[in-house]
Amino acid sequence: MKTGYSSQLQKSFREAQRKSMYRFLLYLAGLPLHLVLFVIYVLKKKDNTYEVTLAKVEQELLKEGREKRYLAEYADQLRRKAEFFQEQSTPEKIQRQAEELSAERFKREAVQITDERLARDGVRRESYFGYVYSLLGKPAFLVISLLPGLIMYALLFLRSNPFLKYITERLVQSVFVIIGVGILVFSILYISPFDPASNILGESATNEQIAAFNRIHGLDLPYWQQLWSALKGIATFDLGTSFTGSENVASSIANKFPITITIAIFSVLMAIVIAIPVGILSAMRPNTILDMTFMLIALIGLSIPNFWQGLIFILGFSIKLNWLPATYSPGNALSIIMPVIVLGTGLTASIARMMRSSLLEIVHEDYMITARAKGLTKSQMLWKHAVGNALIPVVTVIGLLFGGMLGGAAVTEKVFNIKGIGSYIVDKQFIPDIPAIMGGVVYIAITISLVNLFIDIMYAFLDPRIRSKMKQS
Amino acid sequence: MKENRINRQAVILSKEYHQANFTWILTLLISLLFLMNSFSFKTGEVKPYVFALFGAYLATALLQLFIAWRIKRDLLLSGDIRKGTRRLGYIQLVSLATGNVFTASFSLHLLNKRKTPEYTFAVYTVLTQLFVIAISALNMFKPYVTDTFPMAMLLLLLVLVFQVVVLAIVAKTIREDNYPSSVGILALLTALTAITGNLFALLLGGSLLLKSRSTDESRIAKWNTMWEKITRNTMAVFGMFFIILMLTISVVSRFTFDYEVAVENDYGNILQSPSLVYPFGTDNFGRDVFSRIIFGARISLLVGFAATLIPAVIGGFLGGIAGYYSNRTDNWIMRLLDVLYAIPGILLAIAIIAAFGANTVNLIIALSLGSIPTYARTMRANVLMVSNYDFVDSARALGASDFSIIFRQIVPNSLAPMIVKATLTIGGAVIATSSLSYLGLGVEPHIPEWGNILRVGSTYLESHSYLAIFPGLAIILLVLSFNFLGDGLRDALDPRLD
């Protein structure tokens with residue numbers, strides 16, 4: 001069992017050497033261990049066969065006049081090339097290039113011959129990498145070094161499994177993106193020419209009052225310090241108090257988040273339930289009246305601005321027909337219907353179009369012909385082979401559009417007077433209330449990143465193409 | 001029996017028959033829309049004007065149905081459309097008086113048997129000009145017009161007459177293989193009339209020039225096939241028509257519409273219902289909503305095009321570099337753009353506008369920044385594909401520099417998906433502009449912009465709903481047009497569909 005692990009670690013260690021990023025991370029992760037090992041390695045290393053042989057080979061080759069031969073060859077080639085392309089080139093330039101090229105080739109040749117000779121004699125080149133590699137093969141060493149090298153072993157272990165490697169890399173990427181979003185949004189608000197202090201305190205505020213306001217909210221600190229505290233605030237859910245009303249920003253965002261997410265989730269559900277059957281029906285009978293009608297409605301759905309659709313719904317269903325309440329109230333389940341439909345319309349239209357085109361593409365794949373050739377009925381072909389595969393790009397699109405939907409929530413929430421995160425950001429932007437806007441935008445971006453992360457990881461398990469690609473790389 | 005089958009095939013392949021069916025269905029739907037609006041459910045009274053429109057459209061739809069039936073019969077009997085049936089187009093052309101662009105363009109296409117791209121361009125040039133004149137002429141019902149109105153109308157009418165003559169010449173003389181070189185002057189003059197914003201005239205003039213001057217057969221064939229594919233998609237052409245109509249209106253409105261009526265308060269005429277003087281009524285400051293919507297088209301088109309062009313250029317450049325150069329450059333650029341991509345466009349725009357204030361320039365910058373990553377991704381994917389082609393290798397073998405390979409080989413060959421993407425996202429930019437204006441974060445509130453008009457309208461939803469309905473319809477029509485055109489371009493330019 002132990003040897004199984006150690007050979008796995010060895011393999012992972014060898015592969016990780018190829019990428020400079022991973023090599024750096026490995027040495028960093030196992031820094032104490034590597035320090036000790038390097039000292040031992042240098043002390044133990046007495047054997048200098050390699051260097052001696054290399055010097056000998058170089059001498060031999062020089063004597064043979066190989067470098068001169070290479071030089072002449074390259075100079076000739078370069079001159080002919082310049083002649084052919086009718087380029088103006090001085091003899092010095094050609095000479096210099098030829099020298100570079102021949103020196104490079106000479107070195108390569110020497111190393112190659114040395115390696116060949118040593119391999120014939122059964123001697124291997126000693127290197128620090130080889131030393132650590134051989135140590136990793138010994139279970140006893142692993143047990144001894146488990147504590148100081150734990151992080152490095154964990155890294156190697158994560159790397160050894162393609163799934164784990166993919167998930168970790170994707171997670172790290174998301175973290176960087178989120179930090180980037182924080183920096184970007186903060187910087188945009190930081191370079192704003194507006195002065196929140198004079199906006200809030202009014203025209204008549206004295207300089208002392210403004211200075212005091214800036215001190216309370218930390219606005220007099222230098223850029224890096226403010227940025228650091230903003231990022232720390234996002235990570236620890238402590239964004240301080242807002243400029244107006246001195247409410248706790250994090251807790252007011254936490255209060256407003258659920259309703260936005262609820263409406264968004266219901267919209268996605270509605271979109272999936274309506275759009276996927278519509279897309280399938282359309283793709284099964286392409287270019288018929290049914291298909292054209294569905295696609296026309298979908299295109300209109302894509303072209304309607306959310307807020308106008310909301311206003312027309314209010315006009316029709318609330319004012320004229322008096323069926324549904326015009327504004328949202330938390331206790332009334334009926335009042336959530338219109339916001340959900342309005343927010344979900346664009347998504348429904350996109351998914352239906354995507355599902356149709358994706359299914360139409362798959363119908364022409366070779367494996368569908370195979371399925372027909374082996375005598376499957378039309379519905380078996382559709383449900384067993386087509387729909388599942390067609391859903392793969394559709395789910396990605398849902399993940400990507402989910403972000404746009406959370407952004408569009410600001411408009412819909414304003415129309416239906418919903419106290420969600422979107423209308424919170426819009427209300428706060430007139431001041432501009434930096435912690436509130438920053439918190440709102442960044443937490444929405446985090447939610448979107450998490451949803452997309454989740455979808456990507458799901459794919460790693462579900463899509464056989466991605467799975468095999470991961471194993472190959 | 002065999003004869004019959006061939007004729008059936010002719011029915012299926014006939015472009016006219018499909019268009020005829022499509023046109024009567026659409027006209028019938030529009031007439032039903034008028035019928036629903038001609039009756040007021042609250043008071044129970046019938047609006048005579050709207051009801052008359054319903055009658056006219058219904059009659060047009062029935063005539064169109066008859067034409068469709070005649071076409072089918074002709075095709076089944078003889079495999080071709082007879083002259084008598086084609087002549088029905090003259091009668092159907094009368095429907096132009098009701099503003100039905102669908103039947104008008106259909107009948108003009110039915111009248112001419114040979115369909116060259118030039119004929120299509122000429123038809124739409126004339127239609128656009130006619131509609132612009134008709135819309136501008138509505139100003140005559142107002143108590144006063146701007147000083148430049150009579151002169152501008154006269155010029156527009158002269159241009160119309162000239163364009164009708166060109167249409168007749170194109171219909172009579174232009175054949176698939178015959179482009180007399182004497183057309184040159186005519187083509188130049190036609191292209192010149194495009195300064196009104198009527199880009200169809202530019203296309204017509206350019207196309208005629210290309211064919212009368214160029215001896216390169218393959219270039220002409222390419223041009224013809226491309227436009228044939230685009231014009232096969234009826235909705236794409238109508239989308240293009242509406243976009244160019246809006247463009248022409250925004251250019252011409254400077255001279256034919258009175259800006260004062262759209263922005264100056266007139267407390268004597270507050271919240272008037274739609275009438276001939278005020279086709280879409282007036283708002284709470286007595287401003288004419290129709291003029292406001294006309295002037296709003298300018299802003300929407302400007303912001304839409306600017307917020308598409310800027311990110312397309314920047315994103316295209318970044319994506320091109322990322323796709324062409326090594327892994328490391330690619331990784332750096334794309335990871336940095338991922339940060340932008342993670343923030344929804346509207347939220348990023350709100351944050352930028354919060355920081356720098358609400359005005360048109362900031363709006364354009366805010367919307368542009370958010371859509372850079374999508375363009376970069378599209379361009380990168382194209383470049384990755386194109387740079388594997390043999391002609392790139394041969395350019396490299398010939399010693400071309402990276403710069404020249406990128407801009408002379410790769411970029412021209414990966415433009416098509418970018419154009420499609422841009423067309424499809426202009427609509428999104430138009431929606432985003434009006435959404436932000438509706439929230440009070442877009443264009444300055446005193447400027448007539450569709451979102452601003454709607455913002456006012458939304459407060460009078462209960463009593464004067466037309467204030468919110470008309471600007472919304474304008475937005476939908478423009479966005480829908482861009483989407484139709486984008487779909488048409490995608491189908492025409494996608495090599496996979498060949």
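B:Lys142 is buried in this predicted model, with a relative accessible area of 9%. The residue belongs to the loop that joins α6 (117-137) and α7 (149-173) of chain B. Its burial follows from the cut-off, because a residue counts as buried under 20% relative accessible area.

**Surroundings of B:Lys142**
- Leaving aside residues up to four places away in sequence, B:Lys142 is in contact with B:Val261, B:Val277, B:Tyr278, B:Pro279, B:Asp288 and B:Ser291.

**Domains of chain B**
- Chain B is assigned three stretches: domain 1 (1-111), domain 2 (114-257) and domain 3 (261-497).
- The centres of domain 1 of chain B and domain 3 of chain B, taken over C-alpha atoms, are 35 Å apart.

- B:Leu29 lies in helix α2 of chain B and is partly exposed, at a relative accessible area of 48%.

**Buried side of helix α7 of chain A**
- In helix α7 (residues 128-136) of chain A, the buried residues are A:Tyr128, A:Tyr131, A:Val132, A:Leu135 and A:Leu136.
- These residues lie on the same side of α7(A), because they cover an arc of only 135° around the axis.
- An α-helix has 3.6 residues a turn, so residues three or four places apart point the same way.

Key:
Residues numbered from 1 in each chain as written. Chains lettered and ligands numbered in written order. Predicted model: local features only at pLDDT ≥ 70, side-chain atom pairs only at ≥ 80, totals over all residues. Heavy atoms only, no water. Domains from an automatic or database assignment. Helix = DSSP H or I, 4+ residues; strand = E, 2+ residues; numbered from the N terminus. Buried < 20%, exposed > 50% of the residue type's maximum accessible area, 1.4 Å probe, protein only. Arc of directions from axis to C-beta. Contact = heavy atoms within 4.5 Å.
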